[in-house]
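Colleague: I am new to this one. Can we go through how the parts meet?

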Amino acid sequence: MTQQTQLDRADTRVRHDTGLSGALRGFVDQVRSGDLGMLPVIVGLLLISIAFSTLNPVFLAPNNLVNLLFDAAAVGFIALGVVCVLLLGEIDLSIGSMSGLASAITGVLWVNSGIPLPLTILAVLITGALVGLLYGFLRNQFEMPSFVATLAGLLALLGLQLYLLGPTGSINMPFTSSLVRFGQILIMPAWLSYLVALLPGVLIVLGAMRTNSQRVAANLSASGLSVPLVKAAFLSAGLVFAVFYLEQGRGVPWMFGVFVLFVAGLNYALTRTKWGRSMFAVGGNAEAARRSGINVKRIRLSAFVVCSTFAALGGVFAAARLASASQQAGTGDVNLNAIAAAVIGGTSLFGGRGSAWSALLGVLVIMAISNGLTLLNLSSSLRYMITGAVLAIAVIVDSLARRSRASHGRA
Amino acid sequence: MTDQTAGPEHGELILQLRGVGKQFGAVTALEEIELDVHSGEVVALVGDNGAGKSTLVKVLAGVHQPTSGTIEYLGKQVTLDTPGKALEMGIATVFQDLALCENLDVVANLFLGHEISPWRLDEVQMEVRAWTLLQELAARIPSVREPIASLSGGQRQTVAIARSLLLDPQIIMLDEPTAALGVAQTAEVLNLIERVRDRGHGVILISHNMEDVRAVADRIVVLRLGRNNGVFTAETSHQELVAAITGAGENSVSRRTARKLEEVESKA
C-alpha cells in the first residue's frame, strides 16, 4: 500500500469495512436498514422447496426442475422487459397480451403463410418495438399514465390476437420444427453447461483483480481479493451443483441458457453503460435527470420499447414451449406472474431500484410456486388465489423495505 | 478541471449585462438591468420577493430570453436561448431544489449526463476525478460511494455545487444555497463559495440572508421591482441595504429597528 493517504481514505469519520468480516458486517447493516437485495428470493426458494417437496417429492426430481426451467424462460423474458419499465417507475400491464399477440403472429406468419422463421421472429420483434414506441409516445406527448395506456393496450392487443387467430382460435406448430424442438427438447451439452456455470465465478475474480489494480494505480483504496474469491467460490459451487443435479435428469435447456444470456446482457447495459445510468437517474428523479442534460423522453421511450420487445420474444418462446398459438396464450396470470417475478427479485415498483438478475431469480420463485401447485393437482381457482397472495406479499415487502430505507437514509 | 489556462485572468470582466429587460405579457419583470461579473468575484443578488432575482437568474441560465438589452460574455455579445447553451458556454446554475438523484451515489450524480466512456463506464477514473474535485473544494463528503439519500443537507448542497463545477464553468449561479441549512452547514457552504471564487470562477449568489451575503460577497447588487437599485459592498450597513431593498428609508423594517433601538436606549 502507498504511504500517502489514499484519495478516498482521507476522511476518518467513515467506517471502512474491509475483508470478509467487514463485508459480512456491511451486509448485516444493509439488510437491517431495508436493503434486502437477494435475500427474499433465497428465503422464498428455500421455503418453497421444503414445502412442496414434503407435499410431493416429485417436485425436487431433476426432470421436474428441468421442466421448470423450460417454463421459466418465456415468463422470464417478459419479466426482464418489465424490469426496464419498473426502473423508471412506470408499468406495462399489456405484456401478457403482447406475448399472446406475438405467438399469434408467429403462428400466422410462420405456420399459415410459410414465411421463414427468422423473418417471422424479426416481424414479431418489430411489432413489439412499435407497440413500445406507441406507449412511450403516449406517455411523453400526452402525459398519459402508463398504467392507463397499457391497460388500454392490454385489451387492444388481445383483440388483435383474437382477430389474427380467426374463428379456429388456435394454430398448431409442427413438432419436428426447430422452434418447437428448441422450446421442448433441446438441451445444452453437459460440458457447455458446466463451463457456463463456472463463468460467473471466474468473471467475478477477474473483474475484481482488474478493478483492484486500476484503483491502486489511481491511488484509491483497493478492497482486496478475499471477498470476491469467497463469493466466486460459493457461487461456482452452487451453480456447478445445480448443473450436476439437472444433468441427472435431461440437463439444462437451451431456452433457459438463452434467457440467462439476455439477463447478463441487460445487466451489463443497466450497470455499465450511460444508458443504464440514465435509466436509474430518470427513475430516481426525472427532473434532476432532465437538468443534467439527459433526454428523459428518449430514455422513457427506450424502456417501453425494450419492455414490449422482450414481451414479444417471450411470446415466441411461449409458443415454442406450447407448440401452438392459441387464444389463451398470454392471458390469465401471465401478466401478473411477470410483474410479480420482477418485484420478488428485488426491482422496486416505485422506480430507481432493481437489476436484471431480479427477473431471473423472481421468475424461478414464481415458476416454482406455479409448478408446485400444479403437482399438487390444485384447481386453477386456488392457484390464482395463491399467486395473487404471493404478489401482494412481494409488494408489501417492497413497500416496507422502501420505508425502512428512507428512515435509514438509504435510497 | 483545474486547467484554468484557457480562462480569463483573475478579475477580468466575464459577464456584462446592459439594459436587459424582460416582459411577461403586460408585466415588466426586469427593466434596464445592468450587471457585471468578474472572474474570482462573488456578486450577491439581493432583493425583495418579486424584485426579479429569479427572472434574472433564469435569463442567465437560458430558461427565459430577455425582451431587450444585450448580454456580453467574455467580450462577445451572446444569446442564451437554451439551458444547454448557457451550460455549454460556461454559465452553470445550482437551483434551489438541488435536483440530485437520491438513489444514485455521489460519483454517479456528479457525472450524470457526462459519464466517462458511455459504453463502458470508467468508474475508477470518475471516482478519482470526484475525489480530486471534492478535495480541491475541501468538501467534507465521507464517501463518494454512498447514495445521496444518506447525505446531510449541507453535503447535498456541496455535491450540487461540485457538480456544477465539473464542466469548469466561468460563472456559477447559486440560488438560495443556504436557505434550508443549519448554522454550521451554512458556514461550510459559505467557505465553499469562497473556495470556488478563489479557483477563479465568477459567482452569482442569490440570497435573502443579509448576513450570508455580507459574509462572502465582494459586491452586492440590489434589485427592486425589476430595476437596479444600487451596488453596495460588504461594508455597507444593514440599514442601508434594507433601505435599498425595500426602496425607502422609512418602512416597516426601519421602523421596527428604530423602535427596538429606542427600547434598548430607554432601558439603559
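Colleague: How many residues of chain B are in contact with chain A?

Modeller: This is a predicted model. In it, 27 residues of chain B are in contact with 30 residues of chain A. Contact here requires C-beta atoms within 7 Å. Helix α4 (residues 123-136) of chain B gives the most to its side, with four residues.

Colleague: What makes residues on that side of chain B nonpolar, polar or charged?

Modeller: Residue type decides, with Val and Leu among the nonpolar ones and Asp and Lys among the charged ones. The side of chain B that touches chain A divides into 17 nonpolar, five polar and five charged.

Colleague: Which domains make up chain A?

Modeller: Domain 1 covers 39-45 + 55-185 + 254-397, and domain 2 covers 187-252. Their centres, taken over C-alpha atoms, are 27 Å apart. The contact takes eight residues from domain 1 of chain A and ten residues from domain 2 of chain A. On the domain 1 side, α3(A) brings the largest share, five residues. That side has six nonpolar, two polar and no charged residues.

Colleague: What does A:Val82 touch beyond four places away in sequence?

Modeller: A:Val82 touches A:Asp92, A:Ile95, A:Cys307, A:Ala338, A:Ile339 and A:Ala342.

Technical notes:
Residues numbered from 1 in each chain as written. Chains lettered and ligands numbered in written order. Predicted model: local features only at pLDDT ≥ 70, side-chain atom pairs only at ≥ 80, totals over all residues. Contact = placed C-beta atoms within 7 Å. Helix = DSSP H or I, 4+ residues; strand = E, 2+ residues; numbered from the N terminus. Domains from an automatic or database assignment.
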